[in-house]
Amino acid sequence: MTAGAPDDARAFHGTRPGDDFFADADDAADHAGAEDHTGAGYADENGVAGDARDTEWNPTADSVRPVRGRHRVMKQRGGLARSSTVLGVGVIAAVGAGGIATAEGGKPSVHVAMQDLSSMAHSLPDEARSLPGVGHLLPGGSDSSGTRTDPLTGAGVTAEDAERGTTDAGEALRERILQQAEQQQDQAESAVERAAEDAAAKKAAEEAAQQKEAARKKAAAEQQKAEEAARRKAEAERLAKLAKSYTLPVSSYTLTSRFGDAGSMWSSGYHTGLDFAAPTGTPLKAIHTATVKEAGWSGSYGYRTVLELDDGTELWYCHQSSISVSVGQKVSTGQVIGRVGATGNVTGPHLHLEVHPGGGAAIDPFAWLEKDGITP
């Protein structure tokens, strides 16, 4: 480049390893003058050469206007200056391999020729490849500690992610988030299923318990019903059997006074037997097989016959008109033992029947006869 080149024309020289980088043509001219130890390379406004160190500088409006995009760097012996390194790295990061720089408006554009990034990086000094936050972005670069690092897009990629073929950290994070969400969804669905299963099991258990209880009650009711039927059947059979061995004392009668009736006619104040009213001379029959214990006159009872059963129960036949048996005689069911009369303390002919279990106090003859299968 010559001194007459445009001030703002951007150019880069020496893109081979070891060459200098210049911001524009003026920098290249300055650099040429700096290497000329005799002061050559400087010319005044009339084109007269001179020594820059011996010339007075008179600033003008053009010479003092702000310089934009210019970086004047002096070449240092033995390699690139650090500022040149930073400038080169900045250009590499901003433009990229084979990029095109654009001049300011109205200025002609200059093509920027760049070497391949990988080949150029190997020619950079160690301090450029080890710059914090920059060196590890270059192929074969490392951070300031000298430790090789992975590219930014591979940060956070685990070995498991790599086995699945994932090399991008964002994609790996996305997959982990989706996987975690799926696991949480599976856990929630499993919890819902377990709750439903528990509820169904509880409901089934309750229904089974209810069915079991219902079956138990039904079985108990059926058993009770069967037992009741069996009891009734047994009682009917017993009464039928007793009916064959028991009989009423008279065949034709009318019940008048019952056991327990109150009145002044009885010395105890109440009636102690059951009265069968019948005409005088009506036959009196033995209710059951028995032995004649007494037979004869008995005061207010008139003529009375006492039969003793095998269990010790005494049957009193009172107010008889006649007696047909004697003491100690064995009689059978239905055998005639006397006749209806009106002897003793009476108001008319009738049989006054009393029942004394074990020879003790009198009980209701009506209930006793029913117990033995006979209903008066």
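This is a predicted model: local features need pLDDT of at least 70, side-chain atom pairs count only at pLDDT 80 or more; totals for chains, interfaces and linings use all residues.
First, the overall picture. The protein chain has 376 residues, and 27% of them count as buried. It has seven helices and 11 strands. Taking contacts with a separation of 6 or more, 51% are between residues 24 or more positions apart. The accessible surface is about 23300 Å², and carbon and sulfur atoms account for 53% of that.

Back to E11. In a regular strand, side chains alternate between the two faces of the sheet. In E11, His350, His352, Glu354 and His356 point one way. Leu351, Leu353 and Val355 point the other way. Both sets are buried, the histidines and the glutamate included.

Now the partners of this strand. E11 pairs with strand E4, residues 274-277, in the antiparallel sense, over four bridges. In that pairing, Ala277 has His350 of E11 as its bridge partner. E11 also pairs with strand E8, residues 314-323, again in the antiparallel sense, over five bridges. Here Leu315 stands opposite Val355 of E11.

Next, the core. The largest nonpolar core has 27 residues. Those with the most contacts inside it are Ile287, Leu307, Tyr317, Val331, Ile337 and Trp368. E4, E8 and E11 each supply at least two residues, and so do strand E6 (290-297), strand E10 (336-340) and helix H7 (365-371).

Leaving aside its neighbours within four places in sequence, the contacts of Ile337 include Leu284, Ala286, Leu307, Tyr317, Val325 and Val331. Thr305, Gln320 and Ser324 are also among them.

Where does Glu294 sit? In strand E6. Glu294 is partly exposed, with a relative accessible area of 35%. That value falls in this class because buried means under 20% and exposed means over 50%. From C-alpha to C-alpha, Glu294 and Leu307 are 7.2 Å apart in space, and they are 13 residues apart in sequence. With neighbours within four places in sequence left aside, Glu294 is in contact with Arg304, Thr305, Val306 and Val327. With Arg304 there is a polar contact between the two side chains, at 2.5 Å.

Last, the aromatic residues. The count comes to five aromatic pairs. One of them is Tyr246 with Trp368, which is edge-to-face, with 6.1 Å centre to centre and 75° between the planes. This pair links distant parts of the chain, 122 residues apart: Tyr246 is in the loop between helix H6 (169-245) and strand E3 (254-255), and Trp368 is in helix H7. Tyr246 and Trp368 are both buried.

Phe259 and Tyr270 also form a pair; the ring centres are 6.4 Å apart and the planes are at 80°, so this pair is edge-to-face. Phe259 and Tyr270 both lie in the loop between E3 and E4, so the pair ties together parts that are 11 residues apart in sequence. Phe259 is partly exposed, at 28% relative accessible area. Tyr270 also counts as partly exposed, at 38%.

Definitions and conventions:
Residues are numbered from 1 along each chain as its sequence is written. Side-chain values use heavy atoms; hydrogens and water are left out. Buried means under 20% relative accessible area, exposed over 50%, partly exposed in between (1.4 Å probe, protein chains only). Contact means heavy atoms within 4.5 Å. Accessible areas come from the Shrake-Rupley method with a 1.4 Å probe; for residues, only the protein chains shown count as cover. Two strands pair if DSSP finds at least two bridges between them. A nonpolar core is a set of buried Ala, Val, Leu, Ile, Met, Phe, Trp, Tyr and Cys residues joined through side-chain atoms within 4.5 Å. A polar contact is a pair of N or O atoms within 3.5 Å; within protein, one must be able to donate a hydrogen and the other to accept it, and residues adjacent in sequence count only if both atoms are side-chain atoms. Rings of Phe, Tyr and Trp (its six-membered ring) pair if their centres lie within 6.5 Å; planes under 30 degrees apart count as stacked, over 60 as edge-to-face and the rest as tilted.
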